[in-house]
Protein chains: 2
Amino acid sequence: MRWDRPPVHETILSLPSWVVGRVEYDRGYATDEERMRLAIRLAAENIANGTGGPFGAAVFERGSGRLIAVGVDSVVRLNNSTAHAEMLALQLAQRRIASGDLAAAGHPAHELFTTCAPCAMCLGAVHLSGVTRLVSAARREDTTRQEPATGTVAKDSSTRLRAHGIEIVEDLLRPEARAVLIDGASTP
Amino acid sequence: MRWDRPPVHETILSLPSWVVGRVEYDRGYATDEERMRLAIRLAAENIANGTGGPFGAAVFERGSGRLIAVGVDSVVRLNNSTAHAEMLALQLAQRRIASGDLAAAGHPAHELFTTCAPCAMCLGAVHLSGVTRLVSAARREDTTRQEPATGTVAKDSSTRLRAHGIEIVEDLLRPEARAVLIDGASTP
């Protein structure tokens, strides 16, 4: 049966349809907490809608807190093991500004908020993306769902990202994000 | 001007159009060298066609050497800093078999060939993808184009991937891949 599947030359990374209309773009999210609460709400709604795991992310302009793009875990929905919340948010932000560099000249600096400390792939993607600030809520050990990814996270990842000029904030609203992770883990 | 760009809810990862018709799928690539030469040719043609950097990758079934999917560097063409050759090959392979796990039951084992040792993001993606073998040609130090990524590759990445059961082969046809990297670096 699998031999019948023709070669594939493109694939689409899409957010679940419920996201449209549930997110207010183009207004300032004033505080770090307000920005993270958006990501946590997306993680919770991803579970409630049955569209993925309890992970959310968002890219903002650093100064204004203007929301550029969001992401939710979409691995199972899209049959794509790279479709972590952070990966979607970063790629959609880059498409929106029409640049593969979120630090490109003529644009304000950008930051990524994520409900859970990123896996090795996403940390590498953060590094390449041009964001200059990474803010996370829950820790990797707060979830069991990312075990395969956690295994490749080097202990000094944060140190090396900081050495490349990326500001890192961890544990922001960790209890709220952790509660969503635990709810998500108990969802059938 | 940038304020005029509306929010984005999906993005497309596509191969350059020249790839279609230039790749023979569904035949066995008998040896490791034959598999790697396909990836190296794609890297060279990506430069020749002006569609990206000198990086190519391909996913094969391990036993038969049947070609499942290919990738070429597409970062600049797609305005997407995650669009490394390995990332495209892995995602297109998963879409083709309709599973986000290349080690899914009912499928043969899969392997990734890449013309250059992967960056931190791609190593994390390899780990998550379900491939059970990773073969690379050039070393990261053979190119200057991946410097931002190289910075986050932990020295023990290979050790940790091997600990998760992924076989790793390095330096296969390194001189041939390195020659393409050097040609690519001198292309305007």
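**Exercise 1.** How many residues does the contact take from chain B, and how many from chain A?

*Solution.* The model is predicted. Start with the head count: 53 residues come from chain B and 53 residues from chain A. Next, take the area. About 5,000 Å² is buried between chain B and chain A, and carbon and sulfur atoms give 59% of that. Then turn to the polar side. Between the two chains there are 20 residue pairs in polar contact, with both residues at pLDDT 80 or more. Now find the elements involved. On the side of chain B that touches chain A, β1 (10-14), α3 (85-97), α4 (120-129), α5 (147-150) and α6 (157-163) each supply at least two residues. Last, sort the residues on that side of chain B: 25 are nonpolar, 20 polar and 8 charged.

**Exercise 2.** Which strand of chain A is joined to β1(B), and by how many bridges?

*Solution.* Look at β1 (residues 10-14) of chain A: 5 bridges join this strand to β1(B). The two run antiparallel. Pick one pair to check: L13(A) has T11(B) as its bridge partner.

**Exercise 3.** In what order do the strands of the open sheet in chain B stand, and why is one side of β3 and β6 left without a neighbour?

*Solution.* Read the order across the 5 strands: β3-β2-β4-β5-β6, with mixed pairing. Now go to the edges. β3 (67-72) and β6 (167-169) of chain B each have a single partner strand, so one side of each lacks a neighbour in the sheet. From one strand to the next, the twist averages 15°. α1 (residues 32-48) of chain B lies across β2, β3, β4 and β5 (133-138), at about 50° to β4(B).

Conventions
Residues are numbered from 1 along each chain as its sequence is written. Chains are lettered from A and ligands numbered from 1 in the order in which they are written. This is a predicted model: local features need pLDDT of at least 70, side-chain atom pairs count only at pLDDT 80 or more; totals for chains, interfaces and linings use all residues. Side-chain values use heavy atoms; hydrogens and water are left out. Contact means heavy atoms within 4.5 Å. Buried area is the accessible area (1.4 Å probe) that two parts lose on being put together, summed over both. A polar contact is a pair of N or O atoms within 3.5 Å; within protein, one must be able to donate a hydrogen and the other to accept it, and residues adjacent in sequence count only if both atoms are side-chain atoms. Helices (H or I, at least four residues) and strands (E, at least two) are DSSP runs, numbered from the N terminus. Ala, Val, Leu, Ile, Met, Phe, Trp, Tyr, Cys and Pro count as nonpolar, Asp, Glu, Lys and Arg as charged, and the others, Gly among them, as polar. Two strands pair if DSSP finds at least two bridges between them. Axes are lines fitted to C-alpha atoms, for helices over the stretch in contact, and angles run from 0 to 180 degrees between N-to-C directions.
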